[in-house]
Amino acid sequence: MTFEGDLYRLGVKIDLIEPAAVDLRALIPAFHRWIQKQALAGHLLIDVHDYSHVHEGPGILLVAHEGNFSLDGSDGRPGLAYQRKQPAADPLAVSIEGARAACRLLETEGLRFRADEFLVFANDRLLAPNTPEGRSMLESLLRKAFPGARVALAPQAADPRERLAYVVTLG
Amino acid sequence: MLNWKEKLAGSMPSDLAGEIDVYETQIELRRLGKVDEKLFAETRLRRGVYGQRYDNGQRHDGTRTQHLGYPSAALTKGPETMWDAPGMQRIKIPFGGLSPAQLELLADVAEEHADGILHVTTRQDFQLHFTHIDETPTLMRRLASVGITTREACGNAVRNVTACPLAGVCHTETFDVTPYAKALSRFLLGHPDTQDFGRKFKPAFSGCEQEACGLVHMHDLGAIARLVDGRRGFRLFVGGGLGTVPYQAKVFSEFVPEEELLPLAQAIGRVYARLGEKQNRARARIKFLVAKLGIDEFRRLVLEERALLPPDPRWTSYIGEAHAFHETPSKPPAPLDGAPRPAGFDAWAATNVHRQRQPGYAVAAITLPLGDLTSRQARRVADLARRYSGDSIRTTVEQNIVLRWVSEADLPALYGGLVVLGLGEPGAGTILDVTACPGTDTCKLGIASSRGLAREIRGRLAGRFFTLDTAARGLRLKMSGCFNSCGQHHTADIGFYGITRTVAGRKVPHFQVLLGGTWKDNIGAYGLSVGSIPAKNVPLFVDRITERFVRERRGQEGFADFVGRIGKQECRNMIEELMPVPAYETDPSYYSDWGDPREFTMGDLGTGECAGEVVSRLDFDLQAAERLCFEAQLKMEARDVAGADDLAYRAMLQAALALVKEKWYDVPNEPAVIAREFRARLLEPKIFWDRFAGGKFAQDFFRRHDGGPVSSGDEVRRLVEESQLFIEAAHACADRLRQEKAAGPPLP
């Protein structure tokens, strides 16, 4: 089985630096301004949804047709998550760039994000189950995307019910 | 590429798998423009696939109305409903009961097909938001693999059958209504007699008269358990409902023996389908029919209908199983006694734990803020259920989850597990446990932000919950984004629903205030409106009215009695103090809603889909025929001649059946009978008759029916064409039948 050509439901999450200083709900107006300006290239920005009341949930969600952006609190590690929903020519590169573009905009609001590490996850249990086989395939995909020895990959989520995910650390 | 359909083949019940295949074909037909958008809208609604706010391709962004340029711009999934616009999937959970495995699957689909949040509704359903219609067949297949259907979760159909979440373990119940709720749900699902309603139809069960949990009096059909001379049965109600003007249900019968429950429900459905309003949506719920006819006449018509029903073994086949029904706990019972209690446990247990009727067991409520939980939380809750409860997870109408059959000795460990998940908050069933419909967050009909308001009030109360007087803690707050009452605001001590006012040319979100609903006696009385205040003043009003209640209540006086005693004028005075809206230049915050910084507008209001589209049974049946014909064409393409022949014939048979049913509703679904009746009732009287072609299309049908399968490619290709023409002729015939009906004598 191979999923490289079919798997586009990929996600990327970049952790916040000093998350305790961030008031998630204070960023709701920023997301609304992004919609006014359609500020993220390649995305039809649609709506903002407040999930700040949910423990370690999507936090503040910015819904786009192509993928969702969120100030996500899962794993107790607040960060910017981008989750691709529509196919793309190079979904991994598009997902990484989607997350980075949103981070760049949020940095203008005073937030800071880690530059040395991010999480890549597959949101597709059919093509990329959280199994040894799935891990090996995602790892291979990531190695191709980041050639060279200066990248460390660490699998996440031992619970096979959770999504397949890798922490990518840039050397 | 492997897909879920292939992967799950064999693990879905065949009936559910078949229905989903049909639905997927309907999606394809709509894509090809072969199904009218209105018909398709009702089709998807009956699979629980709803539209969401902004799906008309427009959204006010705070400065202007922005056009949302969805990629499939020309394609719609209903009137003014863009194909690519995010939608909502409602998932029926009969009586709110689900297993850990089902909860885990729900978690997976929420993550992969929605936004990673499972939302519990006020009718024990789950809702997933921001879904795409293209993914709904896959989503449904995955749900079907664990025995969950979304069929008739929306639309003009029998909605989720709800029941008290304490059924089977409650101290006050007469008997466990769970198996009856399950049986009614199964029996009415897709039943031919429930396919032609003018509006939705909501049933509910309660084990007792005095508690609120079952909400029987506000339902279209309600059943309260009763024993008469040792026989099980129900006090049966009809014609309740909330909506703009709430109705209390009327007693249909003081005692319906258990064996009569299903046939009477069927007969009620037939009378509602026959006599209920179809054109004026605002008057189409059964409550209006009952009010119009009077309960005595309605009862007479139902009993008359009941007497005509052909016997159905399903009416009673479940009863033995119902009497034997029991749930298996994970652990034996054990008292809590002196077990160590973690910090916070006692406060949590005081509001969230209820001792069961069965000694040594308890029900633990998991408070879900605004009814939401993440996929990850859901998986862990499934784990906790397996460890401490068993197979018995239930959702509640107060948008929580309860775990039943928890050995009391395990409660501290369960609490510890919930705290780790961020789900250990106390306050279930208290003023903190605010109920809210989706409102302007996602609903097309929402006027004000019920969830934004609920979040704000909850946040303010959480910090001082333990300093509140116990009388204030016990109050219930419920809010809806509009007058349609999905937040069940009439049932609360203090209820709100969203409205708007114009101040100096600008729109200001407001909430209408209702006081004095009674959360007992299956909702024995509804709250009464006392006036409206700006959304931004609602939290202040909550503070003032609760403080006054604590200060001035007499003895153990309840809130409804308190409100009745101080009088409506006094309540109105309290409201009036909070009515003024400051000028925009002084305080612009009043001109935005809670949680939404955009200047408030009504421009985003859409056309609601709760009412569904008025599409007759005949339209649906003819669409089914078209779908079969389309599948025949696909078989031809795939060179499956035998398959194409069979489907083309079945398409004609289906169309003939659809028409015959207009003349003889209970016609058996047997080819020979359908053909005979079609000839006698439609062809020979020249009702199925083309002005130019005469009976040709019918003859095509009879040739295949009498002659059996054809086998050559050419013959089958011709048959598929004839099948299409037969269906077209059936549509024309249907128009004539409608005209005939319209010209006929008025219904009683």
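This is a predicted model: local features need pLDDT of at least 70, side-chain atom pairs count only at pLDDT 80 or more; totals for chains, interfaces and linings use all residues.
**Exercise 1.** Find which residue of chain B forms a salt bridge with E112(B), and state what the pair ties together.

*Solution.* Within chain B the partner is R142(B), whose closest N and O atoms to E112(B) are 3.0 Å apart. Now place both residues in the secondary structure: E112(B) belongs to helix α4, while R142(B) belongs to helix α5, residues 136–144. The pair therefore ties together parts of chain B that are 30 residues apart in sequence. Over all chains, the structure holds 91 salt bridges.

**Exercise 2.** Describe the extent of the interface and name the residues of chain B that lose the most area to chain A.

*Solution.* Start with contacts: 51 residues of chain B touch 41 residues of chain A. The area buried between the two chains is about 3,800 Å², and carbon and sulfur atoms give 52% of that area. In chain B, the residues losing the most area to chain A are E112(B), F130(B) and R455(B), which together make up 16% of what that side buries.

**Exercise 3.** Work out which elements and residue classes form the side of chain B that touches chain A.

*Solution.* Between chain B and chain A, 24 residue pairs are in polar contact. Elements of chain B that each supply at least two residues to this side include α1 (4–8), α4 (100–113), β17 (372–374) and α15 (450–462). α13(B) gives the most, with 6 residues. By class, the side divides into 24 charged, 16 nonpolar and 11 polar residues.

**Exercise 4.** How compact is chain B for a globular protein of its length?

*Solution.* Chain B has 24 helices and 26 strands. Its radius of gyration is 27 Å, and the globule rule gives 27 Å for 748 residues, so chain B is as compact as a globular protein of that length. Along the principal axes, the C-alpha atoms of chain B fill a box of roughly 85 × 65 × 60 Å.

Key. Residues are numbered from 1 along each chain as its sequence is written. Chains are lettered from A and ligands numbered from 1 in the order in which they are written. Side-chain values use heavy atoms; hydrogens and water are left out. Contact means heavy atoms within 4.5 Å. Buried area is the accessible area (1.4 Å probe) that two parts lose on being put together, summed over both. A polar contact is a pair of N or O atoms within 3.5 Å; within protein, one must be able to donate a hydrogen and the other to accept it, and residues adjacent in sequence count only if both atoms are side-chain atoms. Helices (H or I, at least four residues) and strands (E, at least two) are DSSP runs, numbered from the N terminus. Ala, Val, Leu, Ile, Met, Phe, Trp, Tyr, Cys and Pro count as nonpolar, Asp, Glu, Lys and Arg as charged, and the others, Gly among them, as polar. The radius of gyration is taken over C-alpha atoms; the globule rule is 2.2 Å times the number of residues to the power 0.38. A salt bridge is a side-chain nitrogen of Lys or Arg within 4 Å of a carboxyl oxygen of Asp or Glu.
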